[in-house]
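Reader: I would like to walk through this model with you, going region by region. Could you take my questions as they come?

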Amino acid sequence: MSKKVVVIGGGLGGLSCAMRLAADGYDVEVLEKNERAGGKLNIRSGKGYSFDTGPSILTMPWVLEQLFQSTGRRLEDYMKLVRVEPQWRTFFEDGVSIDVTSDLPQMISNIEDVSEEDAKGFLKYLQYCQKLYDLNRSSIYSKSLSGLDELRAMHTVKELLAMDPLRTMSQSTSKYVKDKHLRQLFNFFIMYIGSSPYHAPAVLSQLVYVQLGLGIYYVEGGMYNIARGMLRVLDEQGVPVRTNAKVARINTKGQTATGVTLEDGTVIDADLVVSNLEAIPTYYSLLKDQNGAISTAKKLNKYAPTVSGLVLLLGVDKTYEQLLHHNFFFSNNPEKEFHDIFNKGIPSDDPTVYIGVSSKSDASQAPSGKENLFVLTHVPPLKSGKSWQAYKEEYRELVLNKLERMGLTGIRDHIEYEYTFIPDDLQNLYGSNGGSIYGVATDRKMNGGFKIPSQSELMNNLYFVGGSTHPGGGVPMVTLSGQLTADLIKEKENTKKAVKPLKVKKSV
């Protein structure tokens, strides 16, 4: 009889892990507390407008391709990926605007318009970023790692030094890029994982190559079709995904999880439990009565939450010709912006604002002649017991004032649909630590850039997936976390089978 696995949470990490475990022969059940699976990758609509409420950019599509292949399927049979070009349009307060593209001759030309010196050295910088990515493909992206010792075992000393361990991402950018606009632009790639370029290790410079070398994608019909594709596979595999099924606690016997109890009192027994709820909230909420759970959670303090966000979903009754599918309106002082958010823990008074307009690539997302603006501004995560409600209206005005100042004149007059998410909503909906969007912050000094290990140190059959665990946040990383955690489970279970009990000879 196959072992029973309960997956708590139907985010991309949980769905990915469930697909892999089912393909490996486990009896899997997914429990999702909300009305739809998908986690932060979700949808909202109104007045003819459709919005992806979470991730809007897909990178590293090979992660999805690998996942579907591991279940004997082809990704293209479940969703259509559309390459987005140009990738970003960036706006600066002084009037400079730079289009980002993976067409390298065009990208060099765009850089040359800003800095001839940086245009000459750009390929050298990109090669540096590619080398970091290639090193990660052979370790970080191939195995669930719990720390530096495991990483060291997978690389030579020369390779480890090539990861530039003594620099931050900002320091490595400054080594290759001189113009302030370009430095700010390339440093901001770190926000794919919600961290600070002044704290994150230089190895994260690979994100520049991930975007420019591998491209960025949109999923036709909306990014939520990633979740729909995974759910379709799970249905074909016979894996039940129960929605409106909130887990109240993980049941235990000693150091072993025996299953879960739902909020309605239903008990589901299991041989293994996988939590797509972040690790720290799992210990505090689902294991709070377990001896050692609170102390285990406190030991994880070095894994601080990433940024949270203010999200404005705006349906506007006009089109903005100056906008592309992806747009960034940068702050005037990036060092102050990141210092406010990550060091002082306060909202920046001049934040960078992202606007995604999926209707630029997909007309089905907004009525004709109108556009769906997904407006995201990063803010600090919530402190324990605090609310962001008091900032909501004030910060909305600050963001709209910035957009008007930087070219979206009279935007308020054109809003005919609006919905807002604040950190409180992200915390309540998804249980994320402080309303974190991307899980655990990548910090060179605090955690060496590592995430919480995928196997619980407290419970011997409890595992984690999602942005708080290896390899981190963002669509490809959380999807990969599910695959790597499934690999780890298979490895641990096979090890148990291989260890046979000793036969003791009876004395004559």
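Reader: Let me start with a glycine: in which loop does Gly473 lie?
Author: This is a predicted model, and in it Gly473 lies in the loop that runs between strand S19 and helix H16 (475-498).

Reader: Is Gly473 buried or exposed there, and why do you class it that way?
Author: Gly473 is buried, because its relative accessible area is 4% and the cut-off for buried is under 20%.

Reader: Which residues is Gly473 in contact with, if we leave aside neighbours within four places in sequence?
Author: With those neighbours left aside, Gly473 is in contact with Tyr192, Ile193, Tyr438, Gly467 and Val478. As for a residue elsewhere in the chain, Ser308 is 165 residues away along the sequence, and the C-alpha atoms of Gly473 and Ser308 are separated by 12 Å.

Reader: Turning to aromatics, how many aromatic pairs does a search of the whole structure find?
Author: The search finds 30 aromatic pairs. One of them is formed by Tyr49 and Tyr417, which are stacked, with 6.5 Å from centre to centre and 25° between the planes. That pair links distant parts of the chain, since Tyr49 belongs to strand S4 (residues 49-52) and Tyr417 to strand S18 (residues 415-421), 368 residues apart. Both Tyr49 and Tyr417 are buried.

Reader: And what kind of aromatic pair do Tyr283 and Phe464 form?
Author: Tyr283 and Phe464 form an edge-to-face pair, at 5.7 Å centre to centre and with 65° between the planes. This pair also links distant parts of the chain, with Tyr283 in helix H11 (residues 279-286) and Phe464 in strand S19 (residues 462-464), 181 residues apart.

Reader: Why do Tyr283 and Phe464 count as buried?
Author: Tyr283 counts as buried because its relative accessibility is 2%, and Phe464 because its relative accessible area is 1%; the limit for buried is under 20%.

Reader: While we are on rings, what sits over the ring of Trp62?
Author: The charged end of Arg137 sits over the ring of Trp62, 3.7 Å from its centre. There is also Arg44, which lies over the face of Tyr419 at 3.8 Å from the ring centre.

Reader: Trp62 makes me curious about helix H2, so which of the residues in H2 are buried?
Author: In helix H2 (residues 62-70), the buried residues are Trp62, Val63, Leu64, Leu67 and Phe68. They pack against helix H1 (12-23), helix H4 (116-137), helix H10 (225-237) and H16. Just after H2, Gly72 takes a positive phi of about 80°.

Reader: Now helix H14: how far apart are its end C-alpha atoms, and what should its residues span?
Author: Helix H14 (residues 392-405) has 14 residues that, at 1.5 Å a residue, should span 20 Å, and its end C-alpha atoms are 20 Å apart, so the two values agree.

Reader: Which residues of H14 are buried?
Author: Tyr395, Arg396, Val399, Leu400, Lys402 and Leu403 are buried in H14. They are on the same side of H14, because they cover an arc of only 155° around the axis. In general, an α-helix has 3.6 residues a turn, so residues three or four places apart point the same way.

Reader: What covers that buried side, and which exposed residues does the face turned away from it carry?
Author: The cover over the buried residues of H14 includes strand S14 (308-316), S15, strand S16 (353-356), strand S17 (371-379) and S18. The face turned away from the buried side carries the exposed residues Glu393, Glu394 and Arg405. Just after H14, Gly407 takes a positive phi of about 125°.

Reader: Last one, where does Asp362 lie, and what does it touch?
Author: Asp362 lies in the loop between S16 and S17. Not counting residues up to four places away in sequence, Asp362 touches Tyr218, Glu220, Gly221 and Gly222. A polar contact of 2.6 Å joins the side chains of Asp362 and Ser364, and Asp362 is buried, with a relative accessible area of 10%.

Key:
Residues are numbered from 1 along each chain as its sequence is written. This is a predicted model: local features need pLDDT of at least 70, side-chain atom pairs count only at pLDDT 80 or more; totals for chains, interfaces and linings use all residues. Side-chain values use heavy atoms; hydrogens and water are left out. Rings of Phe, Tyr and Trp (its six-membered ring) pair if their centres lie within 6.5 Å; planes under 30 degrees apart count as stacked, over 60 as edge-to-face and the rest as tilted. Helices (H or I, at least four residues) and strands (E, at least two) are DSSP runs, numbered from the N terminus. Buried means under 20% relative accessible area, exposed over 50%, partly exposed in between (1.4 Å probe, protein chains only). A charge sits over a ring if NZ of Lys or CZ of Arg is within 6 Å of the ring centre and within 35 degrees of the ring normal. The expected span of a helix is 1.5 Å times one less than its number of residues. The arc is that of the directions from the helix axis to the C-beta atoms. Contact means heavy atoms within 4.5 Å. A polar contact is a pair of N or O atoms within 3.5 Å; within protein, one must be able to donate a hydrogen and the other to accept it, and residues adjacent in sequence count only if both atoms are side-chain atoms.
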